[in-house]
Structure formats: C-alpha cells, structure tokens
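Come along and check each entry against the view.

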Number of protein chains: 2
Amino acid sequence: MKRIITISREFGSGGRELGRRISELLQIAYYDKEIVEEMAKRTSLSEEYISQVTQQRPVMSFPISIGKSFYLMPDPLMEQHQSIYREQHQIIREMADKSDCVIVGRCGDYILQDLHPLRIFVYADMESKIARCRERGKEDPPLSDKELRQQIKKVEKGRAKYYEFYTGQSWGDKLNYDVCINTSGKSIKELAEVLVKLVK
Amino acid sequence: MKRIITISREFGSGGRELGRRISELLQIAYYDKEIVEEMAKRTSLSEEYISQVTQQRPVMSFPISIGKSFYLMPDPLMEQHQSIYREQHQIIREMADKSDCVIVGRCGDYILQDLHPLRIFVYADMESKIARCRERGKEDPPLSDKELRQQIKKVEKGRAKYYEFYTGQSWGDKLNYDVCINTSGKSIKELAEVLVKLVK
C-alpha cells in the first residue's frame, strides 16, 4: 500500500516543517510549493497568482442582479479559479500515483481520500503561532502582535473557505483527520519522530 | 517530571481501552472507575448516583421566577452536585500527587493543568462508535442503530455540558488537548504504542 501523508495546518503552526521532517524520516517525496511550480509550468500563470488563488475561496467578478432576480452569467474569473483547482487536483493525483509522498495543504486529504492517506491536522495556540511567525522573520517592516494575529486569522479564514468550497467539508473539523497535533511549546522534530510511526 | 496522561473521549471511541493500554505500556497507575469507587467510600452516596451526577451538568431543582425577576435561592441539589465535583477534584489531585498515572475523563486535563499532563482527546466517526458499542454487547434488550446513535449523542452532550460547566472550556475543542486521535478503523493497541512515545 502507498504511504501518503497529507498535512493540513494552521498558519504558523509548523505544519510545513512537520511535513518536511516526516518526508525526510520516511525518505519519501515532499510536495508543497512544488505543486505551485508545476502548475505555473503547465499554465501561463505566475506562481504568485496561483498561490493567491489557491489560498481563498473563488469570488465572482460581477454578480448581476436585476430587480429582485439574480442571473448566473458566465464568469471568466470564477471559471479561471475553478480551472486552476482542477489543474491542481490533477497534479496532486499524478504526484501521489508516482510515489509515496507527503502533501502539504491544497485539499490533499480530500483529493486523495481513495488512497487512504494518513491525514494530519497541525495546530497551535495563537501565542505560539505568532512566535513561530516571528522566528521565520520575514516581515519587513516588522509587524506588531496585533497585526500578526490579524494576518494569521486572515490566512486561516482563506484556507478554510477554499477547503470548504471545494470539499464541502469543514476545515479543521477533527473528523476529517486521523490525528490532530498541537505544536504549542513542542519540538516539531520530536513530534515528527512519533507521527511517522502511525504510517503503515 | 511526573508522567500524567489525561484521556477525554467520545462515547464508544475506545478511549478507555486506549488509556488502559497506555498505562500498561508505561507501567503506571490507571484511574477511571476507581475515582467513583473512592468517592463512594468517602461519601454516603452510591457509585451509581455519583456516576450519574458526574456525567452531566448540574441542574437546579427549583428555579424560581416571580414576575420578570429571578431569585437565586439556596438549592440543595445543586450544592450536592458541586460538592461531588469538589470531592472528585480532590481525589484526582491526590491520585496525581501520589504517582504517575493515566486519568480517564472527569475534567482531569483541566484539574491537573499545572502538572502539564499529556492531554489526549479520543474520537471516532459515528459508525465506528456504534460498532464499538455493539462489540461491548452490554445492551439488553439489543438497541437499533438509531437508538444507539441517540444514546451516544446523549452521553456526549452530558459530558460536554459537565465539562463546560466546571472548566469554562469547550469539550472536544482541539486547543484544549495536545493530541486528538481518530480511532475509526484503527487498532487501539497500535495507537497506544505510538502515543506513549509522546510521553516524556
């Protein structure tokens, strides 16, 4: 049986590091930004644009209402977003078909459900997420705690809406995962060493 | 540092078995019904009555409202429920002070938070919980799936309200636990072997 691990994660919870470490321990492929890179190769779209689109629920560009009626017109933006999702879906399936792997985010748990992946949800308390964002130290200019908290909430809201739109399931609902792990105050390295043991 | 593991669990999820197996693997004490037995020894109340009281939120025996006002009167039933909770709280602290242990249910995660227990929440999908209840095979006469589903929901609702009343926290909310484990279709024995590795 294929060893497929999907990681869903709150922003700043260390999910990406956990996924990378698990892939290293199992010596299997790791797909995260690689998915976006592959999509950019296959389409004429930039990685930045694809990243942005795949982090939030599709929006309609021009809802039209006349009087009390609402007309559904062809919407090029909505169609492009859905076409990006279909492309992403296809790439994730190809990657999982090719070899054992860890897939971070991007509805991997839902797309690959027939392969019975180990579905991990990674979360942490807000303080830990803020601290982890600071460690990454990419913000320029530095953000206040309040600004970081707002950013974390915004990204997570986008992820939740995107996931819910395409899967019909609730992002972060325990029942959609095999294990949910709280990284607050924990060593990601040690957690990875334990979690790999759940992989058959 | 003390090794304390608290298990919160959905009804029929196998949380009790998981707790027992973890205590056996670590060779530490296991407290579940032992807590009720000890309470019955210390009070004049029966184990059945204590079990019943500690599975649901306290209820007022006679809410009094006159016109639009609401008067808080001394309520012997409410006071007895709270006194049972205080006794339980005391016993759990004594047990944890005495030695390393696994404590199942009874707000153990909240009562012992200063000892930094490993807080595990055990859950499963409804089908698995119904199947596990049937395996136990204690229902006489046998219940239909619908009746079992209702029973599971009722017990869980009681646990949630009890927990929320005494802790102010939401039962089953991931943030209150270090790890949440889905036992659907899994071997509890194998899960226990992995989870003990999270204990320092």
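**Entry 1: a salt bridge inside chain A.** I began with A:Arg21, which makes a salt bridge with A:Glu17; their closest N and O atoms are 2.8 Å apart. I then looked up where the two sit: both belong to helix 1 (residues 15-26) of chain A, four residues apart, about one turn of the helix. A reminder to myself: this is a predicted model. Counting over all chains, I get 34 salt bridges in the structure.

**Entry 2: salt bridges between the chains.** How many salt bridges does the rule find across the interface of chain A and chain B? I noted two. In one salt bridge, the side chain of A:Lys186 meets that of B:Asp178, at 3.0 Å from N to O. For polar contacts between chain A and chain B, my count is 13 residue pairs, with both residues at pLDDT 80 or more.

**Entry 3: which parts of chain A touch chain B.** I found three elements of chain A that each supply at least two residues to the side touching chain B: strand 6 (118-123), strand 7 (179-182) and helix 8 (188-195). Strand 7 of chain A gives the most, with four residues. Sorted by class, that side of chain A has eleven nonpolar, eight charged and two polar residues.

**Entry 4: the extent of the contact.** I listed 21 residues from chain A and 21 residues from chain B in the contact. Together the two chains bury about 1700 Å², and 61% of that is on carbon and sulfur atoms. Which three residues supply more of the area that chain A buries against chain B than any other three? They are A:Tyr123, A:Lys174 and A:Val194, with 31% of that area.

**Entry 5: strand against strand.** Next I followed strand 7 of chain A across to chain B. It pairs with strand 7 (residues 179-182) of chain B in the antiparallel sense, over three bridges. If you want a spot to look at, A:Ile181 stands opposite B:Val179 in strand 7 of chain B.

**Entry 6: how the copies are related.** I laid chain A on chain B: a turn of 180 degrees and a shift of 0.0 Å along the axis does it, with an RMSD of 0.0 Å. That is the relation of a two-fold axis. Which residue of chain A comes closest to the rotation axis? My note says A:Cys180, with its C-alpha at 2.5 Å. The same surface serves both copies, as 100% of the contact residues of chain A recur in chain B.

Conventions:
Residues are numbered from 1 along each chain as its sequence is written. Chains are lettered from A and ligands numbered from 1 in the order in which they are written. This is a predicted model: local features need pLDDT of at least 70, side-chain atom pairs count only at pLDDT 80 or more; totals for chains, interfaces and linings use all residues. Side-chain values use heavy atoms; hydrogens and water are left out. Contact means heavy atoms within 4.5 Å. Buried area is the accessible area (1.4 Å probe) that two parts lose on being put together, summed over both. A salt bridge is a side-chain nitrogen of Lys or Arg within 4 Å of a carboxyl oxygen of Asp or Glu. A polar contact is a pair of N or O atoms within 3.5 Å; within protein, one must be able to donate a hydrogen and the other to accept it, and residues adjacent in sequence count only if both atoms are side-chain atoms. Ala, Val, Leu, Ile, Met, Phe, Trp, Tyr, Cys and Pro count as nonpolar, Asp, Glu, Lys and Arg as charged, and the others, Gly among them, as polar. Two strands pair if DSSP finds at least two bridges between them. Copies are superposed by least squares on the C-alpha atoms of residues with pLDDT of at least 70 in both.
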